[in-house]
Amino acid sequence: IKIVEKRLLNAKRIHEVFTIIRKDELRKFSLHVSSPIGVNARNKLEALQKALPFSGDIFLVEGNMPLVMPFLINYLSTLFYESYADALIPTWADGSLEVTHAFYNARALRKAVETCLSENERKISCVAKYLDYEKVSIEELIKRNSKVSLSFLKVKTAFDIKFAEENLKKGL
């Protein structure tokens, strides 16, 4: 999580990073991250609802993606500020959305999360149904710079951590 926080702060338009953490783990993570927010929640949507600011623009990313590229965030932020949509969401060719690599208007995201919760949705991907968003093709981004693909690497196992560490040592 500390690596993700450091990479986010290297982006031009990211000035603060808030880390949403389960309240019972707040003490453990407060040593490693600068602005932890402890919440009691049953799922990610509920945690997001409790921690979201009421206004502003936010970039949402999960903490298990240590290779998120600052230049990708810079590019996406530029596209977001040029658009009039509530969100800018990267999309794979098969149509699947990367809602945790997206820029959002905080007020619109809050309303979408509340709507998802009222509809008994449990997955964070449901927010796209209730937002006016623009898509950005991930494949097109990868064609421009192959390192973009590493931004979407989720660390789930020890092998993933080893792969991430090797790529960090290579300077990616």
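**Close-up views of a predicted model**

**View 1. A salt bridge between Lys-154 and Glu-62.** In this predicted model, the closest N and O atoms of Lys-154 and Glu-62 are 4.0 Å apart. The pair links distant parts of the chain, 92 residues apart: Lys-154 lies in the loop between α6 and α7 (158-169), and Glu-62 in the loop between β3 and α4. Lys-154 counts as partly exposed, because its relative accessibility is 33%. Glu-62 has a relative accessible area of 17%, so this residue is buried.

**View 2. Glu-46 paired with Arg-42.** Side chains of opposite charge can pair when their charged atoms come close. Here the closest N and O atoms of the salt bridge are 3.0 Å apart. Glu-46 is buried, at 12% relative accessibility, whereas Arg-42 is exposed, at 71%.

**View 3. Glu-121 paired with Lys-129.** The closest N and O atoms in this salt bridge are 2.7 Å apart. Glu-121 is partly exposed, with 22% relative accessibility, and Lys-129 is exposed, with 56%. Elsewhere, salt bridges that share partners join Arg-22, Asp-24 and Glu-25 into one network. The count of salt bridges comes to nine.

**View 4. Helix α4, residues 70-82.** The helix has 13 residues, which at 1.5 Å a residue should span 18 Å; the end C-alpha atoms are 19 Å apart, which agrees. Its buried residues are Pro-70, Leu-72, Ile-73, Asn-74, Leu-76, Ser-77 and Phe-80. In an α-helix there are 3.6 residues a turn, so residues three or four places apart point the same way. What covers the buried residues of α4 includes helices α1 (2-9) and α6 (138-144), together with strands β3 (57-61), β4 (87-91), β5 (101-105) and β6 (133-137).

Methods: Residues numbered from 1 in each chain as written. Predicted model: local features only at pLDDT ≥ 70, side-chain atom pairs only at ≥ 80, totals over all residues. Heavy atoms only, no water. Helix = DSSP H or I, 4+ residues; strand = E, 2+ residues; numbered from the N terminus. Expected span 1.5 Å × (residues − 1). Buried < 20%, exposed > 50% of the residue type's maximum accessible area, 1.4 Å probe, protein only. Contact = heavy atoms within 4.5 Å. Salt bridge = Lys/Arg side-chain N within 4 Å of Asp/Glu carboxyl O.
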